[in-house]
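I opened my notebook to look up how charged side chains pair in this structure, and I wanted to write down each pair with its surroundings.

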Amino acid sequence: MRRLFPVTDETSRAAAEAPAEATAEAPARTSAEVPEEVPAAGTWSLDALADAYAYPTGPDVWLRANMVSTLDGAAQHDGRSQPISSDTDMRIFGTLRALADVIVVGAETVRQEGYRPARARDAFAARRKAAGQGPAPAVAVVSASLDLDFALPLFTEPLVPTLVLTGATAPPERVRAARAAGAEVLVAGDGAGVETGRAVRVLAERGLKRQLTEGGPRLLAQFVADGVLDELCLTLSPMLTSGHAQRIADGPGLAVPDRFVLASILEEAGFLFTQYRRKQRHM
């Protein structure tokens, strides 16, 4: 894997050694703007990936999304994201999870992708301990109806109790079922549904400030519409699927497009691993 942006001495040397080709010039970044040690091309260690994707230290709460898309904009194939992913994409996926306090996911994605609890990983244990985090992130499932299988390992076998975010008028019998399975039910809306801005605040009030959402597309669209998404980690897969698959964000359009700024690009085997951050935070 190699870093394409921001440009550093390492990427400049790699470009000079590569076969000549037409490239757009980009200004070099200062050492204060990039990790002190930028790995050379090749397989990056998990520590190097964790440094590259470290959460900002300034904001009280930070919500990032991790999604994958094909060249023609499909966020999934046959209802799942795995067919358009790669081994490196999954390493980054695991790294982002290991850095987070909480993973926020929609109920439909839990059903389609067969979600399991986040696990503790030895490779990140010291880093999490130093950051004051537990051994594994919590998983928070967003659901209005609570139409979930509470017998799944996500609810019965987590290291950290699974959270369920729902509205104040959620079906009482489903709330009882969730709690009976060991889940913690958090109200983040006055009606049946979840208000995403309120969900971010409810989680932050519990000390879960480094937040990661893995979608699905409808949930990501809600975060975008409410202006609470701070960062998008988007893998661009070198594949075409055609068809009618969902985009990474599938919901009502914004009146004015929301501008994000490119923070990083990594590349391996034609996959581009990008980071975009909000130009101006709303929170």
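I took helices (H or I, at least four residues) and strands (E, at least two) as DSSP runs, numbered from the N terminus. I noted that this is a predicted model, in which local features need pLDDT of at least 70 and side-chain atom pairs count only at pLDDT 80 or more, while totals for chains, interfaces and linings use all residues. Residues are numbered from 1 along each chain as its sequence is written, and side-chain values use heavy atoms, with hydrogens and water left out.

I looked for salt bridges (a side-chain nitrogen of Lys or Arg within 4 Å of a carboxyl oxygen of Asp or Glu), and by this rule I found eleven.

I began with Glu267 and Arg2, whose side chains meet in a salt bridge at 2.8 Å, N to O. Because Glu267 lies in strand β9 (residues 260–268) and Arg2 in strand β1 (residues 2–5), the pair ties together parts that are 265 residues apart in sequence.

For accessibility I used buried for under 20% relative accessible area, exposed for over 50%, and partly exposed for in between (1.4 Å probe, protein chains only). Glu267 is buried at 14%, whereas Arg2 is partly exposed at 42%.

I then turned to helix α4 (residues 107–113), where Arg111 and Glu108 lie three residues apart, about one turn of the helix. Their closest N and O atoms are 3.0 Å apart in a salt bridge; Arg111 is partly exposed at 42%, and Glu108 is partly exposed at 30%.

Last, I checked Asp190, which forms a salt bridge with Arg198, the closest N and O atoms being 2.7 Å apart. Asp190 is exposed at 58%, while Arg198 is partly exposed at 24%.
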